[in-house]
Amino acid sequence: MVGSYRLSLELFSLLIGGLVAYQATDATGRIAASRTAAHRVIWYGVGAWMLGLGLWSVHFVGMLARLPRAVGAFDPVLSTASAFAALAVGLGLLWVADCQVMGRLRWLGGSLALGVGVALIHMFSEGALHVAGGISYQPRVWLYWVLLCTFGVACGLRLMHAFRPRPMRGLYGRRACLSMLMGVLIVVLLDLSTRLSYGDRPVLSLVASPGTVWLGSVVSMVAVLAIGATLALSEIVARLYVRAQRLSGSLDHLNNRLHHLATHDALTGLPNRHLLAERMERALARARGGHGHLAVLYIDLDGFKAINDTLGHGFGDELLRAVAGRLSGVLHINSLARMGGDEFVVVLEHMRSPDSALRIAQQLIGLMQESFDVRDTPLRVTPSIGVAYYPRDGESVEELVAHADAAMYEAKEGGRNGYRCYDRSMRDRAMRILAIQRGLQTALDDGSLSLHFQPKHHGDTGALVGAEALLRWCHPELGSVPPLEFIGVAERSGQIARLGEWVIREACRQLRDWHDRGLAPVRIAINLSPMQIQQPGLVETAAGIVGAAGLDTSQIMFEVTESMAMRDAERTTAILQDFRAHGFEFAIDDFGTGYSSLAYLQKFQVRQLKIDQFFVQALDQGGHEPRAIIAAIIELAHTLGMEVVAEGVETPAQAAALRALGCDQIQGYLLARPMPASEFERRCLPAVMAAS
């Protein structure tokens with residue numbers, strides 16, 4: 001039997017086989033590198049289509065190159081079946097190779113199934129050609145052919161899986177060589193299939209039918225161009241994807257950095273209160289689902305304030321970092337957060353029993369007994385810890401933190417360096433604190449805040465010389481809340497800055513109103529809290545408010561306590577200089593309780609010293625010491641060019657003694673209690689007009 005061996009088609013078959021192998025490894029790598037399901041689906045579709053086209057083309061062209069007899073006609077049904085079988089095999093190749101580790105069962109089972117598929121492609125393709133004389137397969141021949149196809153598929157799967165985690169560059173040459181070897185293997189398998197199909201090898205000849213060569217060449221060119229274009233396009237897309245990923249990576253890094261800064265404490269690197277709230281919400285959701293017990297530990301450092309005041313904020317900051325590092329060494333970083341100042345919160349979840357929280361609290365107390373070495377200085381702070389449990393002590397983040405905070409204060413009042421668990425006896429206090437904290441959030445808008453004014457009188461004549469603005473709050477449910485109570489809550493919750501700014505605005509608004517109505521001007525004194533005076537831009541904010549009201553800065557005097565002024569005397573000096581540069585005057589309140597240095601008192605250059613009421617009330621006891629102390633303060637102030645104000649004057653004897661000692665101004669319940677603006681206007685401002 002003489003046939004024709006078409007060398008050109010044989011070479012095309014070899015080229016297509018190599019491209020098919022290269023396409024298989026390329027598509028497998030693209031699928032593995034895809035990060036989204038949509039990208040995987042796209043690469044699966046492209047890869048399966050190209051592999052199917054390549055497998056069908058290599059079989060079709062390979063058979064045309066080896067046909068021993070003339071082709072009668074083409075069967076479209078079998079041709080379509082052969083094409084669908086090729087697509088199925090291509091998709092199967094990608095699926096079997098798409099795994100981290102290819103087990104033996106997956107490899108051998110997939111190879112056998114796909115080997116049957118390749119055999120069917122070949123059979124359908126040969127049957128579709130209607131070769132003269134027909135084609136018949138014996139079972140033994142069919143079995144041999146399936147085994148040969150299984151062997152070839154197994155080699156191809158190993159090649160595809162080896163290049164699955166392929167880098168974008170560096171393996172082109174090696175993969176091209178292996179792909180050509182696979183192409184040679186495909187050609188050899190086709191040659192063996194010819195032997196099995198026709199019983200003997202056709203006689204080789206360079207004589208070929210022009211129609212057969214033309215058909216095979218067209219199919220070959222279409223397949224080569226399609227697969228080549230797909231490979232080129234996939235490489236271009238991959239390079240663009242890598243470039244986009246690099247740009248995206250830079251943006252992601254920047255976004256991650258900004259997010260970290262927004263959710264972590266800048267000093268210690270621990271999560272801040274905002275991130276803590278988010279993580280506690282998730283922890284509560286898990287606890288509600290039955291995933292163990294949950295507890296909140298509120299930690300405050302005993303003795304930290306004294307270290308911060310005496311050694312300075314630099315020592316205090318380093319000490320806080322050291323404390324955070326020691327706590328992080330025994331607690332999971334995601335369960336620990338800094339609330340601000342020297343306060344930390346720990347969220348404990350997945351506990352088998354509530355007693356686990358107590359054991360951890362005891363462990364933390366023991367951990368903090370050893371001193372910290374800060375700048376070669378041993379410093380020791382101990383923890384006071386409050387414990388609150390979910391759901392016994394609260395079912396929300398806000399409630400649990402507030403109740404743990406209340407228990408922490410009980411630990412401080414109980415001797416410090418210990419822990420207390422929240423119980424129902426603390427509920428009223430905790431609920432009141434929580435109500436105050438919530439109420440302060442809307443107090444600026446609901447009209448519940450107001451300013452009362454307490455007059456200051458001249459020591460000799462009794463004439464009105466000024467007033468002190470005092471913040472008052474009438475809670476819608478709690479009623480009148482003492483200033484010491486709600487101001488403390490505002491300081492700890494970070495709301496004091498808004499309250500302080502409201503006081504300045506309201507005082508200026510009231511002064512403007514009195515001025516517009518023709519009432520005589522009066523100087524108003526406003527108290528500043530320790531947290532407020534450290535607020536960046538406070539001086540500029542105050543000057544802007546006064547200027548917007550059309551007032552002169554000399555009409556506003558600010559007061560700070562002596563202990564606050566001496567907490568960081570150098571910083572206080574700079575702040576007071578800034579205030580004076582804007583035209584504001586200052587007074588030192590509660591003078592005599594903060595152990596002022598005379599050198600710093602001279603540097604402060606304040607307008608007034610306000611004698612603490614402790615010394616004023618001691619005048620009623622008749623002893624010599626109170627008069628001597630007050631006389632010394634007055635003499636010192638006058639020497640430094642300062643005025644002296646005595647606050648807390650409640651009896652005529654106190655007022656008479658102060659006048660005799662030369663006190664410039666007096667203030668207290670004897671003369672007038674703090675009063676609303678309307679009453680102050682009615683009782684005091686006409687007297688000012690008459691005096692003017």
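Predicted model: local features only at pLDDT ≥ 70, side-chain atom pairs only at ≥ 80, totals over all residues.
**Charges over rings and an open sheet**

Q: Over the ring of which residue does the charged end of Arg375 sit?
A: Residues are numbered from 1 along each chain as its sequence is written, and side-chain values use heavy atoms, leaving out hydrogens and water. A charge sits over a ring if NZ of Lys or CZ of Arg is within 6 Å of the ring centre and within 35 degrees of the ring normal. For Arg375, 4.7 Å from the ring centre, the ring is that of Phe315.

Q: How far from the ring centre of Phe372 is the charged end of Arg326?
A: Here is another arginine to click on: Arg326 has its charged end over the ring of Phe372. The distance to the centre of that ring is 3.7 Å.

Q: What is the order of the strands in the open sheet?
A: Strands (E, at least two residues) are DSSP runs numbered from the N terminus, and two of them pair if DSSP finds at least two bridges between them. The sheet has 5 strands with mixed pairing, and their order is β2-β3-β1-β6-β7.

Q: Why is one side of β2 and of β7 left without a neighbour in the sheet?
A: Look at residues 336–340 for β2 and 419–421 for β7. Both strands stand at the edges, so each has just a single partner strand.

Q: Which residue of β7 is the bridge partner of Val387?
A: Strand β6 covers residues 382–390 and pairs with β7 in the parallel sense over 3 bridges. The partner of Val387 in β7 is Cys421.

Q: Which residue in the hairpin of β2 and β3 takes a positive phi?
A: β2 and β3 pair in the antiparallel sense over 4 bridges, and Ala337 stands opposite Val345 in β3. The hairpin has 2 residues between the strands. The positive phi, near 60 degrees, belongs to Gly341.

Q: What is the mean pLDDT of the chain?
A: A value of 70 or more is reached by 76% of the residues. Over the chain, the mean is 78.

Notes
pLDDT = per-residue confidence, 0-100.
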